[in-house]
Amino acid sequence: MPRPASPRGDVIRVCNRRGGARRCCSCCRRRRRRERGLEMASATDSRYGQKESSDQNFDYMFKILIIGNSSVGKTSFLFRYADDSFTPAFVSTVGIDFKVKTIYRNDKRIKLQIWDTAGQERYRTITTAYYRGAMGFILMYDITNEESFNAVQDWSTQIKTYSWDNAQVLLVGNKCDMEDERVVSSEKGRQLAEHLGFEFFEASAKDNINVKQTFERLVDIICEKMSESLDTADPAVTGAKQGPQLTDQQAPPHQDCAC
Amino acid sequence: MAADSEPESEVFEITDFTTASEWERFISKVEEVLNDWKLIGISSGKPLEKGVYTTGAWEEKSDEISFADFKFSITHHYLVQEPSDKDGKEELVEDALPLPVQDLLCMNNDFPPRAHCLVRWYGLREFVVIAPAANNDAVLSESKCNLLLSSISIALGNTGCQVPLFVQIHHKWRRMYVGECQGPGVRTDFEMVHLRKVPNQYTHLSGLLDIFKSKIGCPLTPLPPVSMAIRLTYVLQDWQQYFWPQQPPDIDALVGGEVGGLEFGKLPFGACEDPISELHLATTWPHLTEGIIVDNDVYSDLDPLQAPQWSVRVRKADNPQCLLGDFLTEFFKLCRRKESTDEILGRSAFEEEGKEVADITHALSKLTEPAPVPIHKLSVTNMVHSAKKKIRKRRGVDESPLNNEVLNTILLFLFPDAADKLADGFESRTSTSAGNNPPPENEDYNLFSQFKSAPSDSLTYKLALCLCMINFYHGGVKGVAHLWQEFVLEMRYRWENNYLIPGLANGPPDLRCCLLHQKLQMLNCCIERKKARDEGKRGSMSDCSPGGTSGDTGKGADHSGENPDKDKEVGKSWESWSDSEEEFFECLSDTEDLKGNGQENGKKGGAKEGNKEPVNLKPEGRLHPHGKLTLLHPGEPLYIPITQEPAPMTEDLLEEQSEVLAKLGTSAEGAHLRARMQSACLLSDMESFKAANPGCCLEDFVRWYSPRDYIEEEVVDEKGNVVIKGELSARMKIPSNMWVEAWETAKPVPARRQKRLFDDTREAEKVLHYLAVQKPADLARHLLPCIIHAAVLKVKEEEALEDISSVKKIIKQIISHSSKVLRFPNPEDKKLEEIIAQIMSVEAIIARARSLKAKFGVEKCENEEEKEDLQRFVNCLLEQPEVSVIGAGRGPAGSIIHKLFVNAQRVSAVPPLDEELRRSGSSEERRLNMGAVSDFPPPTGREVILRTTVPRPAPYSKPLPQRMYSVLTKEDFRLAGAFSADTTFF
């Protein structure tokens, strides 16, 4: 694979480490400012689990976590999104599991590594350890189960405690197909989401309502937030020496792109 | 020109000969550039507001042109102005004077504090400069200068550009410019005189007026009045009475008895030299008319105290030496050191001996450990011990990097529990649990999670500060290596002797902190478990409990070499729950009647043949009853078992593990394998549950573990009674799913006899090994976030005393910038340097603020209102290039400045007065020294602007603005004149 000479030693180092990459680093250097959010995102993510040997064919990778009480339908939700399948009963997740889905944003391939967690209390310590590397969370409750809704506040505190400051969260009320058994009104869900500062969806993995939308919205928010925090960061970076700084800002992310 | 010479224009194509020569090409290039920049046509703009040259933004653009092979840069400097709405209207006024010519007379922006020299000299808002591109190139010969001047004259004429165009001549440092501005019927020439020595007649106002008048050559009598603006600048360098209070800290004093632990926990702050070097006082008479004052070679009316305007600027020392900044830079330099700890401490000297020991221990470990061990812990221990001994020996011979006193002070500071270590490890435990109290929920405290450093009361943080201090004062990298080695030894000592490490929050590693902190927390987890286990053994031995004998062997094993291979020890080594175990031993009798319930185990569990486990009569490892729940079949209370805690993880372990999990891929088999890999915890819980609840079934377990998977329904039975009937959820009923499988394999074994989920021995050795191989550079990188964290806190603390708004803003920026940089595993050096530079600049600002405060006696001021004004004045001095003094020489700030000068004069001027008188030939100084000691020294700079409007060159010409600026300093005299002439009526 021909690779143009890179001005930065560490770029090459990173590229070698990744192995099997198809893109060359020069592509990253040329990326425009508006895309920097995405680059930054992949940079954050480089902390964990990127060296998977299969499927290196992506530009960025986002790590997303699905959390919520036991049996609110996290696994079903993920299977619906990743495989477009639904089974009434999945084996209760032991520990942590994941699926992968690749989507496109601005002509960039974004690989979503979505981690599905066990909801049982006993697994809290194990799963919270994974919060740190996640860029987005889907916090799920079951609209037919009051308890799972009441636990949302708790989960949200857990996210605040264990995740990066700018991890993005969506609140999802699952099983909205089961209108007869509903005990949590959409209004209540919306209010809580507003109170916690999350966006809100009601969804059904079974009837495939709002599943794709939830994930795509989350990806959008992550992208937005990343570029936003970069933009506001720029003046903060150096005060006086802004000119050269702006170009510098583009440099770091490419060390973590998928090249 | 060329076209005229061709009478018969038969030729269709016209050859343009106007650009035939280099000179013509140069002119057309200049025109092209002026065209490109749209500087053609009538310049328009609003009249200049007061001070707009300072407050407004200046911009410039430049291009490169060449005359033959000589390169020039052409640059357009301009004040950014809002486009005026009256564009159309102004264009109607024909023959209006070009804006730059009008500006010559504008008095709103005289003496701008920070501007291009041409702006200061001519009061221009916009101009173009052509200067040699190379720094050491110069246009020296007169003919070349004239050629250039002609070129711009032609270019201006051809394009109709009204922006003044200058060329720089002579050497660059002389800042000589000549230029021209053209408008309809008017031309202004910008001329300049620059001399090293001041002709005597020009040192005063009357001489300058003479030269101005003769230059104008106005035929009119009487001459229209000349308006004058004068500024005299006085420099104060001598701050005698306020010597800079902060001295560089005395290293010897630190080493001596005064070294408190406190000193090591703090970063120093402040400048070692005065960060303010000079004070410049400018006294200005902004508008004088000729004849009002007298200023000639024998007498002057220009008394600075009487000047209507005073303004002050301070000159800051370039890069004053500041302690915090030095500390940071030196520590950061450590990151680039390549040497390992051993290399630095000179390990090679005793390598042979070490090898010998290693061989022996290797042989021993072969005897004791049948399976190959990844880390030869024994040998590592011994090596380190021998290293320690060796170093101690070496210390006797030559100086060790750290002397014992310093080392002990530091160790005591880091490990305050060490004093009573021998008594019992109990003290350390209380101290750690104290550290575990809910931390103060303030922003500063939680900074560690943004910086990924460590809490400010933690061992890691303190260690970072100590290393920083040692690096600076006590032996540099050698001292660092030495302390680190001692630290690692201490860690091993604590592990081997079950002493908890103080200053670390309990619980699993905090992933918000730096990796080193996590590693130490991990080690603490290991020590805690080992300690609990060992204590349990002791307890159970004295109790003569059934576990006693096995505990004995377990203990032996632990002592002999921390065998990581515990597979064969299942049921022996897990003693950690003995405390509570004792409690429940007493309960045995209560539950003795649960006979035969073991047989019921399999009823709901599925495959009955699988249940080969021995009948378990006695429940074991109970924690407490689970509410009022009872077992489904025997009807006994359902007990929550004592369970094993999941293994604590540091972020590198976690990453490793999540990589392994991710590698399995997303297929169903992969998912299954993943679940299986993670089922150890589930299985262990099931076993504990079974042990605590003899006769239980999966439903019972699920009701405790995952209550939503047990579905209860009210059913009316055949007798008409409402009964609650429960069953497992659909997903739990999936044949041979993970849960059912695990349930079937689970044997009733209480947690304390299960295989350890977390092998503390192995993990502890891994951590200790990790610590031992860290080079000083690695260490510095690990701890740099802590140092930056500490520095930011320090700066914040110091700022709080001064309350400087600009600093507050910068600190906020530093925090947000650092938190972005530090969250990535390997931040770039350049970015780290930036952060350090920012912190240093803040330190310098604060130091300057303090210096100014002391000089202006802000603290001593008794009048509250005046104090506030002074404070504001000092703050302005920090932020603005030049600050005007309210009330000039009579205001509160003015009188302080006056006093400063008077004091300085009194001290310096008295003894050498005669000498100076004799030496100084200039009338200026003679004049000022005439009276007693003058309050002010002779001015370092005299600036005069003379302006008038007269017809030139003939009496019937249009009256046009004329201006001359002069500046006189000790060895520099400059006249910059702009003389306009009517080009229509002359």
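What follows is a walk through the interface between two chains and a few local features of one predicted model.

Because the model is predicted, local features need pLDDT of at least 70 and side-chain atom pairs count only at pLDDT 80 or more, while totals for chains, interfaces and linings use all residues. Residues are numbered from 1 along each chain as its sequence is written, chains are lettered from A and ligands numbered from 1 in the order in which they are written, and side-chain values use heavy atoms, with hydrogens and water left out.

Start with the place where the chains meet. Chain B brings 49 residues to the contact and chain A brings 50 residues, where contact means heavy atoms within 4.5 Å. Together they bury about 4500 Å², with 54% of it on carbon and sulfur atoms; buried area is the accessible area (1.4 Å probe) that two parts lose on being put together, summed over both. Of the area that chain B buries against chain A, 17% comes from B:Arg708, B:Arg731 and B:Arg823, more than from any other three residues.

B:Arg708 also forms a salt bridge with A:Asp142, with the closest N and O atoms 3.2 Å apart. There are three salt bridges between chain B and chain A (a side-chain nitrogen of Lys or Arg within 4 Å of a carboxyl oxygen of Asp or Glu). Several helices of chain B each supply at least two residues of the side that touches chain A, among them H16 (447–451), H23 (651–663) and H31 (829–855). Helices (H or I, at least four residues) and strands (E, at least two) are DSSP runs, numbered from the N terminus. H23(B) gives the largest share of that side, eight residues.

Over in chain A, six strands make an open sheet with mixed pairing, in the order E2-E3-E1-E4-E5-E6; two strands pair if DSSP finds at least two bridges between them. Strands E2 (96–105) and E6 (199–202) of chain A sit at the edges with a single partner strand each, so one side of each has no neighbour in the sheet. From one strand to the next, the twist averages 25° (axes are lines fitted to C-alpha atoms, for helices over the stretch in contact, and angles run from 0 to 180 degrees between N-to-C directions). E5 (168–174) and E6 of chain A pair in the parallel sense over four bridges, and A:Leu171 stands opposite A:Phe200 in E6(A).

Past E6, in the loop between E6 and helix H9 (211–238) of chain A, is A:Asn210, which has a positive phi of about 60° although it is not a glycine.
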